Amino acid sequence: MERVKSLASTYPVLIFSTTSCCMCHVMKRLFIELGANPSIHELDEDPNGKEMETALIKLLEGRTPPVPVVFINGQLVGTTEQVMTLHLRGSLIPMIKDATELSRD
């Protein structure tokens, strides 16, 4: 859990992903298209990926699959459903702008 929280607090926009997940690919593309320049952490390429996946499941209150999971400014935003809901409501872009502006200060 500490590694997840540490990584989340390090980057303005962080996506936990796996290389073979199609929804992870969609989420990465969305954030890149929005100009967020997200940091991507591929759990299947991390030796501690399984432990991190377990931590993400706990943070998501047992919901699976645990990826993609997005953090903005160290705060858990959620999985694809939560991110897309924010985007459709017009809330995602302001969150990204705030995060990326804060990281430049």
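1. H41 is buried, with a relative accessible area of 14%; buried means under 20% relative accessible area, exposed over 50% and partly exposed in between, using a 1.4 Å probe and protein chains only. H41 sits in strand 2, residues 39-42. Helices (H or I, at least four residues) and strands (E, at least two) are DSSP runs, numbered from the N terminus.

2. A note on the basis: this is a predicted model, in which local features need pLDDT of at least 70 and side-chain atom pairs count only at pLDDT 80 or more, while totals for chains, interfaces and linings use all residues. Residues are numbered from 1 along each chain as its sequence is written, and side-chain values use heavy atoms, with hydrogens and water left out.

3. What surrounds H41? Leaving aside residues up to four places away in sequence, H41 touches R3, L7, L14, I15, F16, S17, D46 and M52, where contact means heavy atoms within 4.5 Å. The side chains of H41 and D46 are also joined by a polar contact of 2.7 Å.

4. R3, V4 and L7 in helix 1 meet M52, A55, L56 and L59 in helix 3. Helix 1 (residues 2-10) and helix 3 (residues 49-59) pack at about 80°, with axes 8 Å apart. The two helices are therefore roughly perpendicular to each other; that label covers 65 to 115 degrees, while under 35 counts as roughly parallel, over 145 as roughly antiparallel and the rest as oblique.

5. Helix 2 (residues 22-33) and helix 4 (residues 80-89) pack at an angle of about 30°, with their axes 11 Å apart. That makes helix 2 roughly parallel to helix 4. M23, M27, L30 and F31 in helix 2 meet T80, V83, M84 and H87 in helix 4.

6. Strand 3 (residues 69-72) and strand 4 (residues 75-78) run antiparallel and are joined by three bridges. I72 has Q75 as its bridge partner in strand 4. The two strands form a hairpin with two residues between them, and N73 in the turn has a positive phi of about 55°.

7. Most residues other than glycine have a negative phi, and most peptide bonds are trans. N37, in the loop between helix 2 and strand 2, is not a glycine, yet its phi is positive at about 50°. N37 counts as exposed at 67% relative accessibility. E61 likewise has a positive phi, about 55°, without being a glycine, and E61 is exposed, with a relative accessible area of 70%.

8. E61 lies in the loop between helix 3 and strand 3, and P68 is also placed in the loop between helix 3 and strand 3. The peptide bond joining V67 and P68 is cis, with omega about 0°.

Terms used:
A polar contact is a pair of N or O atoms within 3.5 Å; within protein, one must be able to donate a hydrogen and the other to accept it, and residues adjacent in sequence count only if both atoms are side-chain atoms. Two strands pair if DSSP finds at least two bridges between them. Axes are lines fitted to C-alpha atoms, for helices over the stretch in contact, and angles run from 0 to 180 degrees between N-to-C directions.
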